[in-house]
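User: I would like to learn how to read a two-chain model feature by feature, with the general idea put before the particular case. Could you take me through one?

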Amino acid sequence: MPSDPAPVRAAVVVLAAGEGRRTGSHTNKVLLPLAGRRVFTWSIRWARLLPEVVRTVLVIRDQDRDVIEATLAREVGPPKVDVVEGGNSRHGSEWAALQLLAPAIEAGEVDVVVIHDAARPLAGSDLWASVIEAAAELGGALPADDHGHLATLDGSELAPDRIVAVQTPQAFAAAPLLEAYRHADTEDFVGTDTASCIERYTDVPVHCVPGDAGNIKITFPDDLFIAERLLAKARWDLSGGREGGRRR
Amino acid sequence: MSTEIAELHCETCQRVTDHELHYTGRLLESTRCTECGAHLDVPARDMLPTYLADLEQRVASKPLRLWRRAGQDPRGFLRTLPGAVLRQPRKLAGELRSIFRH
């Protein structure tokens with residue numbers, strides 16, 4: 001009788017370091033209040049409801065460390081979140097997290113690494129589950145939201161029928177991902193996103209899974225109002241039934 | 001009402017600028033770009049029902065949140081509880097005042 005496949009073990013990397021422009025005492029947007037929590041802890045909460053998630057790494061800017069650690073103590077329960085200082089770019093931040101995870105990846109304790117932008121607080125548990133499952137099976141997975149209805153501004157030419165907006169969380173087989181970033185470090189290559197590095201240094205296929213129109217990125221002030229309303233509409237529960245409707 | 005200043009993309013300035021954000025309770029009430037003054041707020045007629053729905057959720061989830069806090073740091077919880085309880089009526093009154101002034 002065939003035995004059940006081994007359960008997938010995933011490490012979640014949440015990028016909260018921002019883009020490096022910030023100075024002085026201004027609040028990093030991922031630290032802003034959103035419906036009773038800080039923006040960045042919402043997505044950590046939904047991810048960690050999954051049994052597959054065995055590690056969580058939060059990439060921060062050093063100047064945010066005190067606030068981040070106080071927020072983690074208040075809003076995120078055990079197990080501990082590993083906090084690491086990010087680089088000067090998204091690529092650098094991902095590399096910092098992967099270096100921290102390298103011993104676990106090499107020991108075979110982590111099968112999949114999921115990279116997520118902390119400014120997307122509405123990535124629910126179902127979306128996390130779908131990218132982890134697809135990456136475990138196929139090698140790489142990212143959520144894409146179809147924008148095929150878009151038209152050109154001057155109306156002269158129809159837009160291609162497959163315009164997609166790529167979102168996070170994006171998941172990749174851990175060992176090839178680490179190898180790709182090691183190659184990139186050797187060659188000083190700085191990718192625009194995780195998939196660009198994977199595609200350059202590995203032959204791991206990256207597949208799309210259906211994105212979620214509600215998985216917005218906090219960019220404009222309006223996004224905070226929208227996120228607040230979307231959370232209220234979902235009764236502050238994006239667990240996909242995993243949390244029994246309870247609010248932590 | 002509490003205020004935060006954060007960098008967000010301003011559609012008028014077409015770049016990332018500092019924004020002032022004003023909150024009532026847990027809800028965002030208004031935002032203002034500190035460079036061009038572009039202002040967004042929740043219409044007054046929407047604020048009260050939204051606030052009341054949020055307040056209901058806050059009250060319903062309070063016991064669990066208190067339980068968790070007590071479990072994490074029992075001594076600190078007991079030390080700060082009386083002050084926190086005494087502050088609630090004033091805090092609530094301030095939130096309601098802010099909404100009706102809005």
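This is a predicted model: local features need pLDDT of at least 70, side-chain atom pairs count only at pLDDT 80 or more; totals for chains, interfaces and linings use all residues.

User: How many of the residues of helix α1 of chain A are buried?

Analyst: Nine of the nine residues in this helix, which spans residues 39–47, are buried, and α1(A) is therefore described as mostly covered, a residue being counted as buried once 20 or more other C-beta atoms lie within 10 Å of its own. For the setting, 45% of the 248 residues of chain A count as buried, and the chain holds seven helices and 10 strands. Among the contacts in chain A with a separation of 6 or more, 72% are between residues 24 or more positions apart.

User: Which residues of α4(A) are buried, and what covers them?

Analyst: The buried residues of α4(A) are A:Ser125, A:Leu127, A:Trp128, A:Ala129, A:Val131, A:Ile132, A:Ala134, A:Ala135 and A:Ala136. Their cover includes α1 of chain A together with the strands β1 (10–15), β6 (112–117), β7 (140–146), β9 (170–173) and β10 (206–210) of that chain. As for its length, α4(A) runs over residues 125–138, and its 14 residues reach 20 Å from the first C-alpha to the last, close to the 20 Å expected at 1.5 Å a residue. The helix is followed by A:Gly139, which has a positive phi near 115 degrees.

User: Turning to chain B, how should I read a sheet, and in which order do the strands of chain B stand?

Analyst: The general idea is that strands of a sheet pair through backbone hydrogen bonds, in either a parallel or an antiparallel sense. Here four strands of chain B form an open sheet in the order β1-β2-β3-β4, with antiparallel pairing. Because β1 and β4 of chain B stand at the edges and have a single partner strand each, one side of each is left without a neighbour in the sheet. From one strand to the next, the twist averages 25 degrees.

User: How is a pair of helices described, and at what angle do the axes of α1(B) and α2(B) cross?

Analyst: Two packed helices are described by the angle between their axes and by the distance between those axes. The axes of α1(B) and α2(B), the latter covering residues 74–101, come within 13 Å and cross at roughly 175 degrees, which means that α1(B) is roughly antiparallel to α2(B). In the contact, B:Met47, B:Leu48, B:Tyr51, B:Arg69 and B:Ala70 of α1(B) meet B:Pro74, B:Phe77 and B:Ile99 of α2(B). By class, this contact has seven nonpolar, no polar and one charged residues.

User: Is B:Arg87 buried or exposed?

Analyst: B:Arg87, which is found in α2 of chain B, is exposed, because 11 other C-beta atoms lie within 10 Å of its own and a residue with 12 or fewer is counted as exposed. B:Arg87 and B:Arg26 are 61 residues apart in sequence and 16 Å apart in space, C-alpha to C-alpha.

User: Finally, which elements of chain B give two or more residues to the side that touches chain A?

Analyst: In all, 25 residues of chain B are in contact with 21 residues of chain A. The elements giving two or more residues to that side of chain B are β1 (2–10), β2 (15–24), β3 (27–33) and α1 (44–72), and the largest share, seven residues, comes from α1(B). By class, the side of chain B that touches chain A has 12 nonpolar, five polar and eight charged residues.

How values were computed. Residues are numbered from 1 along each chain as its sequence is written. Chains are lettered from A and ligands numbered from 1 in the order in which they are written. Two residues are in contact if their C-beta atoms, placed from the backbone, lie within 7 Å. Ala, Val, Leu, Ile, Met, Phe, Trp, Tyr, Cys and Pro count as nonpolar, Asp, Glu, Lys and Arg as charged, and the others, Gly among them, as polar. The expected span of a helix is 1.5 Å times one less than its number of residues. Axes are lines fitted to C-alpha atoms, for helices over the stretch in contact, and angles run from 0 to 180 degrees between N-to-C directions. Angles under 35 degrees count as roughly parallel, over 145 as roughly antiparallel, 65 to 115 as roughly perpendicular and the rest as oblique. Two strands pair if DSSP finds at least two bridges between them.
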